[in-house]
Amino acid sequence: MPRRLVLSTAAAVAVAAALIAGCGAMRSSGSNPMSFFITSVNPGKGGDLGGLAGADRFCQSLATSAGAGNRTWRAYLSTAAMNGQPAVNARDRIGTGPWTNAKGVVVATSVADLHSASAKLGKDTSLNEKGEVVSGFGDPVNRHDILTGSRPDGTVAVPDPGKDTTCGNWTRSDGGSAIVGHHDHRGTNPDPVANASWNSSHGTRGCSVDQLKMSGSAGLMYCFATH
């Protein structure tokens, strides 16, 4: 092979490698304008998310994998007052908005809008970090129960004595319970308002992976960028 051709081939390979590296760097640095998603998977321990800190890290890692890691991400989760620690409200953790999904659709303009009838959350808009629709009620696999531990206004669902609404503040992988919302606004809850709620429909039958599945949950959660 002529030396000039060898050099040209080597140069082409080098350019291709540089382009690939550049694309990778752009993706990891955060070129994705997304600021809201549902996690595509659970970390693996059901309701045990490693507390709020662990849940936030998981949101951040999935966002980074999708090219939106240049923002600070928080899980939309509330926690109850426990062991001397005050309660935390999901609505107070997520910044001020607006928030867009992976397709660039604005799902809410502010915290107030997010918790109003004007919010654009739904099966077609509450996408995962990959831009995929999360299966819901009526699909072969129902995963519409999204962990929140919250009331409709985004404050913590205060448990009755001896009860649980947050899987032990997101540290339990068995027993307990957590309040979930229906991301698709559909289900079998006899209360029509709760049935359609994206963040506060009902409690789960437990906090293990299998117990969550019993009510249509895969242990997924909402993630928001705080901007």
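Analyst: The side chains of D56 and R74 meet in a salt bridge with an N to O distance of 3.8 Å, the term standing for a side-chain nitrogen of Lys or Arg within 4 Å of a carboxyl oxygen of Asp or Glu. This is a predicted model, in which local features need pLDDT of at least 70 and side-chain atom pairs count only at pLDDT 80 or more, while totals for chains, interfaces and linings use all residues. Residues are numbered from 1 along each chain as its sequence is written, and side-chain values use heavy atoms, with hydrogens and water left out.

D56 lies in helix α2 (residues 51–65) and R74 in strand β2, so their contact ties together parts that are 18 residues apart in sequence; helices (H or I, at least four residues) and strands (E, at least two) are DSSP runs, numbered from the N terminus. D56 is buried at a relative accessible area of 10%, whereas R74 is partly exposed at 28%, where buried means under 20% relative accessible area, exposed over 50% and partly exposed in between, with a 1.4 Å probe and protein chains only.

D56 also meets the side chain of R93 in a salt bridge, at 2.6 Å from N to O. That pair links distant parts of the chain, since R93 sits in the loop between β2 and β3, 37 residues from D56 in helix α2. R93 is buried, with a relative accessible area of 14%, and D56, R74 and R93 are linked in a network of salt bridges. The count comes to three salt bridges, one of them between D139 and K123, whose closest N and O atoms are 2.6 Å apart. D139 is partly exposed at 27% relative accessibility, and K123 is partly exposed at 25%.

A search of the whole structure finds eight aromatic pairs, meaning rings of Phe, Tyr and Trp (its six-membered ring) with centres within 6.5 Å, called stacked if the planes are under 30 degrees apart, edge-to-face if over 60 and tilted for the rest. Among them, F37 and W73 form a tilted pair, 4.9 Å centre to centre with 50° between the planes. F37 lies in strand β1 (residues 36–38) and W73 in strand β2, so this pair ties together parts that are 36 residues apart in sequence. F37 is buried at 0%, and W73 is buried at 0%. The rings of W99 and F224 have their centres 5.2 Å apart and their planes at 80°, so that pair is edge-to-face. W99 lies in strand β3 and F224 in strand β8, so the contact spans 125 residues in sequence. Ring pairs link F36, Y76, W99, W198, Y222 and F224 into a cluster.

The loop between β2 (73–75) and β3 (99–100), where R93 is found, also holds P98. A cis peptide bond joins G97 and P98, with omega about -5°.
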